[in-house]
Amino acid sequence: MLVLGIESSCDETGVALYDTQAGLLAHQLHTQMAMHAEYGGVVPELASRDHIRRVLPLTSACLTDAGRTLADIDAIAYTAGPGLSGALLVGASVANALAFALNKPTVAVHHLEGHLLSPLLADPAPEFPFVALLVSGGHTQLMAVHGVGRYELLGETVDDAAGEAFDKSAKLLGLGYPGGPALSKLADLGDATRFTLPRPMLHSADLDFSFSGLKTAVLNLVKAQDNLDEQTRADICAAFQEAIVEVLAKKCIKAMKQTGLKRLVIAGGVGANRQLREGLNEACSRRGWQVFYPPLHLCTDNGAMIAFAGAQRLQHAQAAGSFAVQPRWDLSTLAAA
Ligand code: KG4
Ligand code: ZN
């Protein structure tokens, strides 16, 4: 079965072709980062308009790369939420129009399910069940994943998401948007011992997170500096990254112990963070656990994860064919496949 996947929930237009026999055949991505950078964040209307411009050319490029035609497509998966309404509607409209013209089914995919299942596109892929840390720009959740659609929420952020904390702290340091990768890069040049930042909820009994205090601590630190030179900014970045990575890693370990599971999966944009990967690799190998990540280029938003999640749902006979988007959509409300 050949599935076309379309992602347009935020500021990336992603299109991919996933074949249930042959795997990922092609994927194309256009990021709107440069366009939104000027405004310091995503402008929803601009995002929608850009998705409209990109989605069909990217689809054609995918088909060319894969040596396939529209007629070869068996189903079309698209991100139906959560995300920006207008942006979601672009992908949903194109997917449903194409599917109608081709007389093929559509499947509405939950964006976070796409992230959650994306490590299954890696080789080796994890087997179910596993603990998943979902760390994106909008979400930070720990889940026990028992199968496709069988997601048990173990803990989540009570305020800012980890990616949001990276982005907001980066902004305070004048690193532009989105700041996560830039902050991480500058942190490599910094001394993490010069400043100490708080580790919010590190010792709380639950598996929840809180990152807004950490961002405020960065703000206070920035304000307290007489000279915010390059080295000082790098040292703040290093202290911030160390604090956030320590909290994420310790909560993962706690979740693994609590569930008794032996496989950990990291998904979402912050999963691209090198220090987080190094910390988790070390912590897991010491305890005899396996840790899995999506391929690096599939950590942030992309069409491949949507095509893949759609294929999983279709294989479990969950074809939807509905035409609705859900800007707010709780992952734990999904039915088991
Ligand atoms: O999963 P994603 O592409 O979008 C959402 O669904 O939100 O994640 C984007 C987030 C942004 O906050 C970005 O700053 C962060 O992932 N990010 C990183 C890194 N690469 C992306 N954060 C820290 N280190 C990175 N290397
Ligand atoms: Zn995402």
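Two strands pair if DSSP finds at least two bridges between them. Helices (H or I, at least four residues) and strands (E, at least two) are DSSP runs, numbered from the N terminus. The model is predicted, so that local features need pLDDT of at least 70 and side-chain atom pairs count only at pLDDT 80 or more, while totals for chains, interfaces and linings use all residues. Residues are numbered from 1 along each chain as its sequence is written, chains are lettered from A and ligands numbered from 1 in the order in which they are written, and side-chain values use heavy atoms, with hydrogens and water left out.

**The open sheet S8-S7-S6-S9-S10.** Five strands, in the order S8-S7-S6-S9-S10, make up an open sheet with mixed pairing. Strand S8 (150–156) and strand S10 (290–292) are at the edges with a single partner strand each, so one side of each has no neighbour in the sheet. Ignoring direction, neighbouring strands here are turned by 25 degrees against each other on average. Strand S9 (residues 263–267) pairs with S10 in the parallel sense over three bridges, and Leu264 stands opposite Val291 in S10.

Contact means heavy atoms within 4.5 Å; angles run from 0 to 180 degrees between N-to-C directions, with axes fitted to C-alpha atoms, for helices over the stretch in contact. Across strand S9 and strand S10, three bridges are formed in the parallel sense. Helix H8 packs on this sheet and touches strand S6 (130–135), strand S7 (140–147), S8 and S9, its direction making about 155 degrees with that of S6. Helix H9 (residues 274–287) also packs on the sheet, where it touches S9 and S10; the direction of H9 makes about 175 degrees with that of S9.

**The open sheet S3-S2-S1-S4-S5.** This open sheet has five strands in the order S3-S2-S1-S4-S5, and its pairing is mixed. Strand S3 (23–31) and strand S5 (106–110) are the edge strands, each pairing on one side only. From one strand to the next, the twist averages 20 degrees. S2 and S3 form a hairpin with three residues between them and pair in the antiparallel sense over eight bridges. Strand S1 (residues 2–7) and strand S2 (residues 12–19) also run antiparallel, joined by six bridges. Helix H3 (residues 85–102) lies across S1, strand S4 (75–81) and S5, and runs at about 160 degrees to S4. Helix H10 (residues 303–315) packs on the sheet and touches S1, S2, S3, S4 and S5, its direction making about 130 degrees with that of S1.

The whole structure holds four aromatic pairs (ring centres of Phe, Tyr and Trp, the latter by its six-membered ring, within 6.5 Å; planes under 30 degrees apart are stacked, over 60 edge-to-face, the rest tilted). Among them is the edge-to-face pair of Tyr18 and Phe308, with 5.1 Å centre to centre and 90 degrees between the planes. Tyr18 is in strand S2 and Phe308 in helix H10, so this pair ties together parts that are 290 residues apart in sequence.

**Helix H5 against helix H6.** The axes of H5 (residues 162–172) and H6 (residues 179–187) come within 8 Å and cross at roughly 70 degrees. H5 is therefore roughly perpendicular to H6 (under 35 degrees counts as roughly parallel, over 145 as roughly antiparallel, 65 to 115 as roughly perpendicular, the rest as oblique). Phe166, Asp167, Ser169 and Ala170 of H5 meet Gly179, Gly180 and Leu183 of H6. These contact residues divide into three nonpolar, three polar and one charged (Ala, Val, Leu, Ile, Met, Phe, Trp, Tyr, Cys and Pro are nonpolar, Asp, Glu, Lys and Arg charged, the others, Gly among them, polar).

**Helix H5 against helix H8.** H5 and H8 (residues 230–259) pack at about 175 degrees with their axes 11 Å apart, which means that H5 is roughly antiparallel to H8. Ala162, Ala165, Phe166 and Ser169 of H5 make the contact with Phe240, Gln241, Ile244 and Leu248 of H8.

**Helix H5 against helix H7.** The axes of H5 and H7 (residues 212–224) come within 9 Å and cross at roughly 10 degrees, so the two helices are roughly parallel to each other. Lys168, Ser169 and Leu172 of H5 contact Lys215, Val218, Leu219 and Val222 of H7. The contact of H5 with H7 comprises four nonpolar, one polar and two charged residues.
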